[in-house]
Amino acid sequence: MLWRVATGPAAVRRAHDVPFMKMLGTGRGSGFGPRSADLGRWAAITVWNGEPRPHAAVDRLAAAHCRLLLDPLTSHGRWSGHEPFGRPAKKPDGGPILVLTRARLRPTRAIPFWRAIGPVAATLRDAPGLLATLGVGEAPLGFQGTVSIWADAADVSRFAYRTAEHANVVAETQVRRWYAESLFARLAVLDVVGAREVLGWR
């Protein structure tokens, strides 16, 4: 199964209108790391230059799937040296917002990082406006990220800037230099197709 997941999307990656694609493992709930890995659920993030198309090769592997059509609103940082969403600067028109965070941890900063994010993860579970959340990653250790979906942009801002636990981590990030590379993006959810329960959508 792991081999099929790794090789199935190869044709998609080779397409000329797909400048960026990542196949990611997921964690149970919002967790990530070896102990929380969910080997039955996988995520694909794809950037299209033209009209988005279904991932036929990926869909054939799945008993159920959920596909989100997204429009980048803001994006800061890099992923494997790339700016996958460019540098958009759009205001949300209303509706759900997906927040994507991704980081490559500095090995010497990993343990302090894990200690710091525990309180944030606990607070996230009960955050007002949270519709779904899951941990994602390219590897069990050191290459982690989160995907969270919110009812609207106001809920995102309320959690990001008015929740003490999250605000503290944001402040410490610049001081402690946890990340060798990081990406933070907000994307408008334009459409949702398939089984929302795959995402744990409330």
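Is glutamate 181 buried or exposed, and what is its relative accessible area? Glutamate 181 is buried, with a relative accessible area of 13%. Here, buried means under 20% relative accessible area, exposed means over 50%, and partly exposed lies in between (1.4 Å probe, protein chains only).

The model is predicted: local features need pLDDT of at least 70, side-chain atom pairs count only at pLDDT 80 or more, and totals for chains, interfaces and linings use all residues. Residues are numbered from 1 along each chain as its sequence is written, and side-chain values use heavy atoms, with hydrogens and water left out.

Seven strands build an open sheet, in the order 2-1-5-6-4-7-3, with antiparallel pairing. Strands are DSSP runs (E, at least two residues), numbered from the N terminus. Two strands pair if DSSP finds at least two bridges between them. Strand 2 (37-47) and strand 3 (66-77) stand at the edges. Each has a single partner strand, so one side of each is left without a neighbour in the sheet. From one strand to the next, the twist averages 30°. Its angles run from 0 to 180 degrees between N-to-C directions, with axes as lines fitted to C-alpha atoms. Strand 4 (residues 97-105) pairs with strand 7 (residues 179-194) in the antiparallel sense, over nine bridges. Isoleucine 97 has alanine 188 in strand 7 as its bridge partner.

Next come the nonpolar cores. In soluble globular proteins, nonpolar side chains tend to be buried together. A nonpolar core is a set of buried Ala, Val, Leu, Ile, Met, Phe, Trp, Tyr and Cys residues joined through side-chain atoms within 4.5 Å. The largest nonpolar core holds 23 residues. Trp79, Phe85, Leu98, Leu100, Ile149, Leu199 and Trp201 touch the most other members. Strand 1 (20-27), strand 2, strand 4, strand 5 (130-137), strand 6 (143-150) and strand 7 each supply at least two residues of this core. Strand 7 gives the most, with five residues. Leucine 199 is in contact (heavy atoms within 4.5 Å) with residues including Arg41, Cys66, Leu68 and Ile149, leaving aside neighbours within four places in sequence. A second, separate core has 11 residues, among them Leu73, Val120, Ala127 and Val156.

Charged pairs complete the picture. A salt bridge is a side-chain nitrogen of Lys or Arg within 4 Å of a carboxyl oxygen of Asp or Glu. By this rule, there are eight salt bridges. One of them joins the side chains of lysine 22 and glutamate 138 (3.4 Å, N to O). Lysine 22 lies in strand 1 and glutamate 138 in the loop between strand 5 and strand 6, so the pair ties together parts that are 116 residues apart in sequence. Lysine 22 is buried, at 18% relative accessible area. Glutamate 138 is partly exposed, at 30%.

Glutamate 138 also forms a salt bridge with arginine 102 (3.0 Å, N to O). These two are 36 residues apart, with arginine 102 in strand 4. Arginine 102 is buried, with a relative accessible area of 4%. Its side chain also meets that of glutamate 181 in a salt bridge (2.5 Å, N to O). That pair links strand 7 and strand 4, across 79 residues. Through shared partners, salt bridges join Lys22, Arg102, Glu138 and Glu181 into one network.

Terms used
Helix = DSSP H or I, 4+ residues; strand = E, 2+ residues; numbered from the N terminus.
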